[in-house]
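These entries record what I looked up in a two-chain structure. The sequence and structure are placed first, and my notes follow.

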Amino acid sequence: MIKINQISKSYNENQAVKKISLKVNEGELFGLIGPDGAGKTTLMRILTTLLLPESGEAKMDGLDVVNDFKKIRHIVGYMPGRFSLYQDLSVEENLNFFATVFGTTVQENYDLIRDIYYQIEPFKNRRAGKLSGGMKQKLALSCALIHKPKILVLDEPTTGVDAVSRKEFWEMLKKLQKKGITILVSTPYMDEANLCDRVALIQKGELLNVDSPQRITEKFPRRIIQIRSDEMYRLINDLRAFEKAESVFAFGQFVHFTGINDDVETNELDIYLEKQNHNNIVVEEISPGIEDVFMSMQSNSK
Amino acid sequence: MKQLKSFIKKEFFHIFRDPRTMLILFGIPIAQLLIFGTVIKSEIKDVHIAVYDQSKDITTQQITNKILSSGYFILDKNLENTNGIEDIFRKGKVKEVIVFESNFGEKLKKEGKANVQLIADASDPNTARLVISYTSGIINDYIKKMYPNLQLPMQIQPEVRMYFNEEMKSAYMFVPGVMALILMLISAMMTSISITREKELGTMEILLVSPLRPAQIIIGKVIPYLMLSVANAFVIVLIGNLVFGVPITGSFILLMLETILFIMMALCLGILISTAAKNQMTAMFISMIGLMLPTIILSGFIYPIENMPVVLQVISHIMPARYFVTIIRAIMLKGVGILFVWKETLILIGMTLFFIAVSVRKFKIRLE
């Protein structure tokens with residue numbers, strides 16, 4: 001459905017996207033995962049015909065993003081990273097406006113957006129600028145869907161949205177996927193990566209890995225040890241000072257530890273930490289998550 | 001067509017829901033017109049004067065009375081000697097001192113000649129010149145009426161008439177000028193701001209990925225402001241007529257058509273500005289600095305173009321307001337038809353087409 005071949009793009013000296021090639025299948029929920037400034041937005045803007053690639057080519061449903069941009073604009077729904085609806089128009093006015101602009105009506109495609117729109121319908125006379133973050137995002141999604149696009153491109157849709165709304169949002173995406181819409185979504189949150197069919201890990205404009213989240217973590221050869229104690233900050237410092245430590249990262253309440261050549265056993269760490277007077281120490285080996293993969297790739301590429 | 005209609009509707013929502021936009025659109029023009037109307041004056045009224053009458057006879061009394069009853073002057077003080085003159089000017093209130101020599105009336109009767117001295121405060125040269133010429137006019141008028149037979153040797157008597165503005169009212173000059181200025185500013189500034197606002201808020205991104213064509217976006221932006229500006233122009237002409245007494249001797253329809261043409265030109269210029277400006281601030285600055293000052297100075301609205309240095313005269317040819325001011329002055333004051341202003345009209349049409357063409361070409365169908 002989406003074919004990206006050797007796409008590059010730079011702003012002045014700064015190369016935002018470096019020769020990325022990627023394929024997204026029809027009906028897939030595909031995630032672009034990477035930190036801020038990785039080039040996700042640039043790539044999405046090229047696909048939505050908002051930017052011209054410097055080199056390489058990309059096709060959306062067989063249409064070239066440079067030459068067939070007019071046709072692509074009919075079949076793609078795009079939700080930019082920033083809330084980009086008219087704040088001084090009401091919910092209903094926004095939706096009607098975008099429906100007419102795309103040459104359709106709200107009634108015609110209502111069943112597609114019903115699940116999403118019914119939640120904000122009680123506020124349909126409220127100005128969009130006065131909605132909460134979660135509601136804004138639902139409205140933006142409704143507007144992006146109103147013309148029944150074949151491909152939906154969502155740029156960091158869950159940034160700045162509370163945890164409950166984020167979960168709801170991903171449930172909605174799953175439902176849309178069942179209706180046959182191909183979805184390309186970018187996010188800086190690793191936990192959301194697990195909800196995609198396949199993900200592409202992007203870092204500094206380069207593609208690190210493309211696969212399903214499970215395969216990516218399964219293929220990850222390293223052993224991850226999860227550690228906690230009462231004093232988080234001192235724990236990180238002490239672990240970093242440990243002679244066989246390769247990487248130490250904080251992950252919520254835990255610290256994820258990888259040893260040099262994976263040659264560190266859990267009891268070794270237990271003894272070491274007790275010597276440093278840590279209390280309530282928990283040390284256990286876990287299967288790696290997508291975060292660990294990403295962190296390790298990030299440090300390798302440096 | 002449906003797309004365009006809903007775009008225009010949306011644009012009206014933006015305008016009517018933003019108090020700032022409403023203020024700029026309707027508050028500023030009226031305020032500006034009234035301010036210009038009371039500030040720019042080439043006539044004088046209630047100028048304070050002092051009189052040093054050394055003769056105090058009937059003739060000087062009559063002349064003084066005639067001067068004071070003209071409505072232009074107010075007597076501030078009767079002086080008793082010449083020493084006070086400088087002091088009284090320093091205080092700043094009195095702008096002119098009239099000094100009659102002693103035995104004024106007698107000398108006039110006997111010798112046919114008497115001296116009156118007019119001393120003016122020339123720290124404001126324009127007022128000084130006006131005050132002096134008004135006073136001399138009144139004195140000459142008096143002498144002529146009192147002594148119709150008085151003949152100076154070899155006298156040429158010019159008969160002056162001010163055509164199209166008999167009373168030399170300054171309102172006749174500034175109403176067309178202010179109209180050009182306001183329409184130019186409002187139209188160009190508002191369109192450029194409304195387009196750059198979409199860029200700033202990111203909504204342009206969505207409009208661009210939609211199937212809307214650039215022409216539709218541009219027309220959708222132009223039409224609402226065109227309608228409001230025409231309403232504005234109507235109000236300005238009305239205020240000019242009712243408050244300042246500027247006549248509309250020519251065809252009102254022609255006047256409105258020319259006004260619509262000028263507004264179209266300004267709107268297209270605004271769109272051109274918006275294609276170059278990245279944010280609302282820049283757009284506003286370009287419109288304000290780039291359009292307001294040149295329009296005021298170079299359009300012949302306040303300063304006659306003929307008196308400018310040649311370089312500025314040449315530059316004034318690219319000022320659209322110059323042609324518009326000429327056109328509306330001709331229609332409102334002289335009452336002429338299209339036959340007399342077709343050249344200026346053609347130039348404005350040309351400029352409009354040029355701006356449309358450039359802005360459609362420069363309008364970006366992508367970001368960047």
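The entries below go from conventions to each chain and then to the interface.

**Conventions**

I number residues from 1 along each chain as its sequence is written, and chains are lettered from A and ligands numbered from 1 in the order in which they are written. The model is predicted, and I note that local features need pLDDT of at least 70, that side-chain atom pairs count only at pLDDT 80 or more, and that totals for chains, interfaces and linings use all residues.

**Chain A, overall**

I looked up the secondary structure of chain A and found 11 helices and 14 strands. Helices (H or I, at least four residues) and strands (E, at least two) are DSSP runs, numbered from the N terminus. Along the principal axes, the C-alpha atoms of chain A fill a box of roughly 70 × 45 × 35 Å.

I then turned to burial. A residue is buried if 20 or more other C-beta atoms lie within 10 Å of its own, exposed if 12 or fewer, and partly exposed in between, with C-beta atoms placed from the backbone. Of the 302 residues in chain A, 44% are buried.

For contacts I used C-beta atoms, placed from the backbone, that lie within 7 Å. In chain A, 70% of the contacts between residues at least 6 apart in sequence join residues at least 24 apart.

**Chain A, sheet and loop**

I traced an open sheet of four strands in chain A, with the order E2-E1-E4-E5 and antiparallel pairing. Two strands count as paired if DSSP finds at least two bridges between them. E2 and strand E5 (63-64) of chain A are the edge strands, each pairing on one side only. Strand E1 (residues 2-11) of chain A pairs with E2(A) in the antiparallel sense over seven bridges. Within this pair, A:Tyr11 stands opposite A:Asn14 in E2(A).

I next located A:Glu26 in the loop between strand E2 (14-24) and strand E3 (29-33) of chain A. Is A:Glu26 buried or exposed? A:Glu26 counts as exposed because it has 12 C-beta neighbours inside 10 Å. Apart from neighbours within four places in sequence, A:Glu26 is in contact with A:Met1 and A:Thr182. I also checked A:Glu218, which is 192 residues from A:Glu26 along the chain; their C-alpha atoms are separated by 25 Å.

**Chain A, helix H4**

Which residues of helix H4 (residues 110-120) of chain A are buried? I list A:Ile113, A:Ile116, A:Tyr117 and A:Ile120. They cover an arc of only 95° around the axis, so they are on the same side of H4(A). The arc is that of the directions from the helix axis to the C-beta atoms. The buried residues of H4(A) pack against H3, helix H5 (133-145) and helix H6 (163-178) of chain A. On the face of H4(A) turned away from its buried side, I found the exposed residues A:Asp111, A:Arg114 and A:Tyr118.

**Chain B, overall**

The C-alpha atoms of chain B fill a box of roughly 95 × 45 × 40 Å along the principal axes. Buried residues make up 34% of the 368 residues in chain B.

I noted the division of chain B into domain 1 (2-40 + 167-362) and domain 2 (47-146), with bounds from an automatic or database domain assignment. The C-alpha centres of domain 1 of chain B and domain 2 of chain B lie 47 Å apart.

**Chain B, strand E3**

Why is strand E3 (residues 96-100) of chain B largely enclosed by the rest of the structure? Four of the five residues of E3(B) are buried, which is the reason. Strand E1 (residues 47-53) of chain B pairs with E3(B) in the parallel sense over five bridges, whereas E3(B) and strand E4 (residues 116-120) of chain B run antiparallel, joined by five bridges. I followed B:Ile98 in E3(B): B:Val51 stands opposite it, and in E4(B) its bridge partner is B:Leu118.

**Interface**

Last, I found 23 residues of chain A in contact with 21 residues of chain B. On the side of chain A that touches chain B, helix H2 (69-75), strand E6 (76-79) and helix H3 (91-101) of chain A each supply at least two residues. H3(A) gives the most to this side, with four residues. By class, the side of chain A that touches chain B has 12 nonpolar, six polar and five charged residues. Here Ala, Val, Leu, Ile, Met, Phe, Trp, Tyr, Cys and Pro count as nonpolar, Asp, Glu, Lys and Arg as charged, and the others, Gly among them, as polar.

Conventions:
Two residues are in contact if their C-beta atoms, placed from the backbone, lie within 7 Å.
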